[in-house]
Amino acid sequence: MHKMGTAVAALALAAAGLTGTATTAQAENVRAQEAGCSTAWPGRDGYVRAWKDVNCGGTLLGLTQGDDINWADGWGQFQGSDNDNASSVMNSGYLGGEDVVAFYRNAGQRYQDGFGCLAPGELYADWLGDNYYYGQGSSMNDSISSHAWVYSTGCPSGSWIT
Ligand SMILES: [Ca+2]
Ligand SMILES: [Ca+2]
């Protein structure tokens, strides 16, 4: 959700002596971001969702209670141009079991070439551009190509996205 991290960043800016105007603008931006995904939050319904734009905005690329190992193919809930196009994602899955959504840089790659895990308690990642694939390092914005529901034990400490 980023509330804590962004607040820390805002404090750091203030401490660095930047103008109050900049800090205020950032605070406004934070409020806008929080409103976007919190408004879209459906309650726990068992789904993973992905949007084209930040803050759970723009086109809803897809939603599913299952896995989709290829966001670029012609079947499943994510197809064609959904590939490499998501900028925010949400996990409103039911708690327990495989309740974490792992997003992968490539199709059908599972853990082999970069992934990030979204915990159900995190609710959503409102901006994938400040999340980086575990074990691979590149930004997750406009690059997700598959996803799967996994157990939290499958996600190392550095793989959680926010
Ligand atoms: Ca697909
Ligand atoms: Ca990709």
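A residue is called buried when its relative accessible area is under 20%. The legends below describe a predicted model.

**View 1. Overview of the protein chain.** Two helices and seven strands make up its listed secondary structure. Along the sequence they run α-α-β-β-β-β-β-β-β. Of the 162 residues in the protein chain, 41% are buried. The protein chain exposes about 7600 Å². Carbon and sulfur atoms supply 55% of that area.

**View 2. The calcium ion (ligand 2) and its donors.** Four residues coordinate the ion: Asp-84 through OD, Arg-105 through O, Ser-143 through O and Ser-145 through OG. The distances are 2.3 to 2.4 Å. In sequence, the donor residues follow the spacing D-x20-R-x37-S-x1-S.

**View 3. Ser-143 and Ser-145 at the calcium ion (ligand 2).** Both serines are donors to the ion, Ser-143 with O and Ser-145 with OG. Ser-143 has a relative accessible area of 11%, so it counts as buried. Ser-145 is buried too, at 6%.

**View 4. The open sheet of four strands.** The strand order is S2-S1-S3-S6, and the pairing is antiparallel. Strand S2 (57-64) and strand S6 (124-125) stand at the edges. Each has a single partner strand, so one side of each lacks a neighbour in the sheet.

**View 5. The pairing of strands S1 and S3.** Strand S1 covers residues 47-53, and strand S3 covers residues 88-92. Five bridges join them in the antiparallel sense. Ala-50 stands opposite Val-89 in S3.

Conventions: Residues numbered from 1 in each chain as written. Chains lettered and ligands numbered in written order. Predicted model: local features only at pLDDT ≥ 70, side-chain atom pairs only at ≥ 80, totals over all residues. Heavy atoms only, no water. Donors = N, O, S within 2.8 Å, 3.2 Å for Na, K, Ca; no water. Buried < 20%, exposed > 50% of the residue type's maximum accessible area, 1.4 Å probe, protein only. Pairing = 2+ DSSP bridges. Areas by Shrake-Rupley, 256 points an atom, 1.4 Å probe, with all protein chains shown as cover.
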